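Hello,

Here is the structure I promised to pass on to you. Please have a look at it first, and then read my notes below.

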Amino acid sequence: MKILPVKGTRDFYPEEMALHNWIVDGWKKASIRNGFEEYDGPIFEYLQMYQVKSGDEIVEQLFSFKDRGERDLAIRPEITPTLARMVNQKINALPKPIKWFSLPRLCRAERPQKGRLREFFQWNIDIIGEDSVLADAEVIFTTVDYLREVGLTPKDIKVKISSRKLLATVLKKIGVPDEKLNPLYTLLDKKVKLPAEVFSTTLTEQVGGEMAGRIIAFMGSQTITSIENIVKAEAGDQLEVAIKELEDCACRLNQMGISDYCVFDPGIVRGLAYYTGIVFEVHDIQGDLRAICGGGRYDNLLRDFGGPAVSATGMGMGDCVLEILLREKGLLDKKITSRTLDYYVVPIAGELLDEAVKLTAGLRTKGFKSAFSYKAAGLSKQLKNASEQNAKFCVIIGDEFKAGNVVVKDMASGQQKTVPLEDFLGNPEKF
Ligand code: HAM
């Protein structure tokens, strides 16, 4: 019986694993230099946790199951609810602001497609306990800091920024009743993925033609100020507050030197239900791919999970779209180094294998990456093996061993020296 991998999952052979580790290392380094500390949680939680606030789309994509005690559980589709739960548990003991990052493996029962799988890795950074827009800007900066480091420029990607507060206020001013807001967010979030007529017809069915027209005009606004042509702000109202937050955020991003990556785009809604303020997504300029990452402010989630009202903002970046984009841009070439060895130890005859094993163990104990040949094949075959494994030196245990010597061959220059085994093992780097 041939067992196939499950649809939407990946096998990481060493080559893919090397690439994956390179991506994850970059995420870690960017998090640490921006002041975030690592955390993690369990890979499954109570099903209910995702039903509280993540939104219908995520709930439909859950891998859920009953355990032997009939408890309803689900594999994590995101880590933000776990983060909220963990922070709530220790809220008084944790110094604020909390700046944490995580690199969870997540599962969503999505239809697998380009950039979307059923199992993926996601870099998360979150700042909890800081309500100023500076925290939103810092999350965006950290995201760009990483993307810029791997070689993506403003010609490749754009950070599209908007605000749930702005959207909610505009929708209410247009006349959308409160109870229709959440289902509407799900539809509006799909705008870019749907053909224009399908989106317009579905929107009209939900809110009527007049409101649909105004919503489409709002989502197409190019500047923050042009929103006032669609709905008017009144002094001190939520629209004015939302606009001010977006302007402050733009100002901070300018101070941080990343304005060229950022653009205001009221078409950004975000699929998850818990966002309350500034939201953003990073997209490739061509718009061929799904979002590289997304995030925003979620000031009510900790309270909704039974904790105090503590503000929070963050983002999640998957590894799939990122990898596709980096490959398309040629930014992965030469990045992934294959296995290298300091020493490859070659016994020239079967009876010398014992010595090869001892010498290799000695080198490893001293901290050198070393391997030995299991079989005493001809020397040229052994040297070929050594160069296939990118060994810097070959240590040949051959005829010279009778006199207590080994031959150390520099694989780059081809030069070789005969040296006493004891001396070599005492200080391998000397030779
Ligand atoms: P999200 O928009 O659901 O947000 O996912 C964020 C990113 O995760 C996406 O932009 C994409 O890169 C990746 N992603 C999502 N689903 C898949 C999939 N099926 N296959 C591959 N990659 C995927 C969240 O998850 C929020 N919890 C992020 C967040 C953290 N907001 C605040 N803090």
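Gln-389 lies in the loop that runs between helix 14 (379–388) and strand 15 (391–397); helices (H or I, at least four residues) and strands (E, at least two) are DSSP runs, numbered from the N terminus. This is a predicted model, in which local features need pLDDT of at least 70, side-chain atom pairs count only at pLDDT 80 or more, and totals for chains, interfaces and linings use all residues. Residues are numbered from 1 along each chain as its sequence is written, and side-chain values use heavy atoms, with hydrogens and water left out.

Back to Gln-389: its side chain makes a polar contact with the side chain of Arg-339, at 2.6 Å. (A polar contact is a pair of N or O atoms within 3.5 Å; within protein, one must be able to donate a hydrogen and the other to accept it, and residues adjacent in sequence count only if both atoms are side-chain atoms.) Leaving aside neighbours within four places in sequence, Gln-389 is in contact (heavy atoms within 4.5 Å) with Arg-339, Thr-340, Leu-341, Tyr-344 and Ala-371.

Next, please find Phe-36, in the loop between helix 1 (14–33) and strand 1 (37–38). Is Phe-36 buried or exposed? Phe-36 is buried, because its relative accessible area is 4%, and buried means under 20%, exposed over 50% and partly exposed in between (1.4 Å probe, protein chains only). The charged end of Lys-99 sits over the ring of Phe-36, 4.8 Å from its centre. (A charge sits over a ring if NZ of Lys or CZ of Arg is within 6 Å of the ring centre and within 35 degrees of the ring normal.)

Now for the aromatic pairs. Rings of Phe, Tyr and Trp (its six-membered ring) pair if their centres lie within 6.5 Å; planes under 30 degrees apart count as stacked, over 60 as edge-to-face and the rest as tilted. By this rule the count comes to 12 aromatic pairs. One of them, Tyr-39 with Trp-100, is tilted, at 5.3 Å centre to centre and 35° between the planes. This pair links distant parts of the chain, 61 residues apart: Tyr-39 is in the loop between strand 1 and strand 2 (44–46), and Trp-100 is in strand 5 (residues 98–102). Tyr-39 is buried, with a relative accessible area of 7%, and Trp-100 is buried at 14%.

Best wishes
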